[in-house]
Amino acid sequence: MDLLLKGGVLHDPENGWEGPAEVLIRGNKIEAVSLSLGPVDVPFWDLQGKIILPGLVDMHVHLREPGNEGKETIATGCAAAVAGGVTSIACMPNTDPPADNKEIICYIKERAKRADLAKVYPIGAITRGIKGKEIAPMWEMAQEGAKGFSDDGNPVSDSGVMLRAMQYALNLGLPVISHCEDLSLAAGGVVHAGNHGYRLGLPVISPASEAVMVARDLLLQKEIKGKLHLAHLSARESVELLRWAKGAGISVSAEATPHHLLLTEEAVGNFKTEAKMNPPLRTSADREALQRALKEGFIGVIATDHAPHRLQEKEDDFLSAPFGVIGLETAFPLLWTKMVEEGLLTVSELVDRFSSAPARLLDIPAGSLKPGAPADIVVVDPQAEQVVSGERFFSRSRNTPFEGWRLKGYPVMTMVDGDIKMWQGKVKGFSEDFPEIKSILQTRR
Ligand SMILES: [Zn+2]
Ligand SMILES: [Zn+2]
């Protein structure tokens with residue numbers, strides 16, 4: 001659509017913009033960004049008091065389709081994404097059957113196209129069946145549009161297999177996303193090896209189970225020099241290894257999730273399964289190490305690891321309940337309220353970590369509103385305050401540890417390719433009363 005956004009403040013670090021701006025959208029692209037564009041013959045939207053950002057990019061999402069549509073579908077996951085201001089997502093291949101071949105990659109893209117909400121970039125499996133043994137047909141998945149490779153959910157335990165996979169991925173110019181976990185150390189554990197877990201008498205997961213794999217992957221990367229990305233880091237030891245890698249000239253990228261950035265093992269409380277995740281929530285020292293690394297850029301990406309599970313499964317006892325929490329609809333207001341407003345991160349740093357940096361890493365057209373870029377935009381109302389309530393989620397699942405938190409900085413409009421997908425909490429195709437776009441706009445300048 002043709003539209004002028006005026007009166008808002010734009011944060012687009014990639015484009016070097018931080019301040020008041022008018023943004024002109026023509027069709028599906030950004031046509032111009034300027035302090036004042038003068039008279040323009042298109043409808044406009046007055047964004048006084050609002051913030052304009054490039055659409056968020058979440059490079060770590062579990063959509064569950066095919067195979068577990070009771071937890072999430074590609075359509076409901078994409079609805080949750082645009083509700084949270086996320087315009088591009090990369091989805092992990094541990095579906096059923098797994099995305100370890102070009103047919104499933106093609107299927108996911110087809111379903112995402114039909115949902116017509118967020119852009120979906122599939123990640124292909126590293127190994128067949130995500131079993132860690134035989135390398136999956138990476139080339140044909142790349143031809144079909146896979147944007148990276150991961151066995152997420154599982155580590156690639158065999159170092160030789162991982163080395164070869166990194167070599168192939170390098171030849172394809174794509175990243176390998178590593179779920180860092182040494183199963184011989186972590187297997188059977190359900191919480192962090194800390195005071196809280198020991199008090200509950202639960203089997204524990206030590207920080208070493210993550211850091212050992214981080215160290216291995218960094219040493220492999222030293223030889224291969226490909227694109228290595230470390231998923232959902234949780235332990236301060238892992239951050240120390242990233243510092244070492246930088247000194248040793250090893251290039252690597254890494255991500256942290258909102259829950260590891262904001263919660264500690266205490267969130268598990270009295271066996272609360274909503275706080276059961278892998279890697280587990282750790283201590284405040286770990287959390288602060290992650291926050292500092294995010295600020296300094298050692299951890300350059302925020303991703304949600306959105307992992308939907310059925311209520312009945314999460315209501316199971318702590319040992320049998322599945323790992324994981326959802327995050328698409330809470331990530332931005334959480335980070336806004338608990339990091340930006342607390343002075344731990346600037347708005348531009350948040351946009352870089354949650355939009356520009358993952359877009360660069362996946363090499364996708366997103367993360368900036370420079371002229372010519374796709375009109376993938378999120379408008380945030382920094383004053384909009386709301387209590388997190390799973391009942392309002394578009395996700396099919398409700399497993400959040402943030403239920404009841406009062407947050408600010410909610411997205412109020414999400415646009416993908418110039419089309420408004422979310423408006424004031426309503427999602428196109430999902431909310432009966434999603435408004436006619438004409439009724440939103442003004443036409444006199
Ligand atoms: Zn993982
Ligand atoms: Zn994951």
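1. Let's start with a strand pair: β13 and strand β14 (residues 301-302) run parallel to each other, joined by 2 bridges. Strands here are DSSP runs labelled E of at least two residues, helices are H or I runs of at least four, and both are numbered from the N terminus. Two strands count as paired if DSSP finds at least two bridges between them. Within this pair, Ala-256 has Ile-302 of β14 as its bridge partner.

2. Before going on, please note that this is a predicted model, in which local features need pLDDT of at least 70 and side-chain atom pairs count only at pLDDT 80 or more, while totals for chains, interfaces and linings use all residues. Residues are numbered from 1 along each chain as its sequence is written, and chains are lettered from A and ligands numbered from 1 in the order in which they are written.

3. Now look at the other partner of β13. Strand β12 (residues 228-230) also pairs with β13 in the parallel sense, over 2 bridges, and Leu-230 has Ala-254 as its bridge partner in β13. With helix α8 (residues 236-247), β12 and β13 form a right-handed β-α-β unit; right-handed says that, with the strands pointing away from you, the path from the first strand over the helix to the second runs clockwise.

4. Which way do the residues of β13 (residues 253-256) point? Ser-253 and Glu-255 point one way, Ala-254 and Ala-256 the other, and all are buried. Buried requires 20 or more other C-beta atoms within 10 Å of a residue's own, with C-beta atoms placed from the backbone.

5. Contact links 20 residues of domain 1 with 23 residues of domain 2, where contact requires C-beta atoms, placed from the backbone, to lie within 7 Å. On the domain 1 side, β16 gives the largest share, 7 residues.

6. Finally, the largest nonpolar core has 142 residues, and Val-82 is among those with the most contacts inside it. Such a core is a set of buried Ala, Val, Leu, Ile, Met, Phe, Trp, Tyr and Cys residues joined through C-beta atoms within 7 Å. Helix α1 (residues 74-83) gives the largest share, 8 residues, and both domain 1 and domain 2 supply at least three residues each. Leaving aside neighbours within four places in sequence, Val-82 contacts residues including Leu-117, Thr-414 and Val-427.

Technical notes: Contact = placed C-beta atoms within 7 Å. Buried ≥ 20, exposed ≤ 12 C-beta atoms within 10 Å, placed from the backbone. Domains from an automatic or database assignment.
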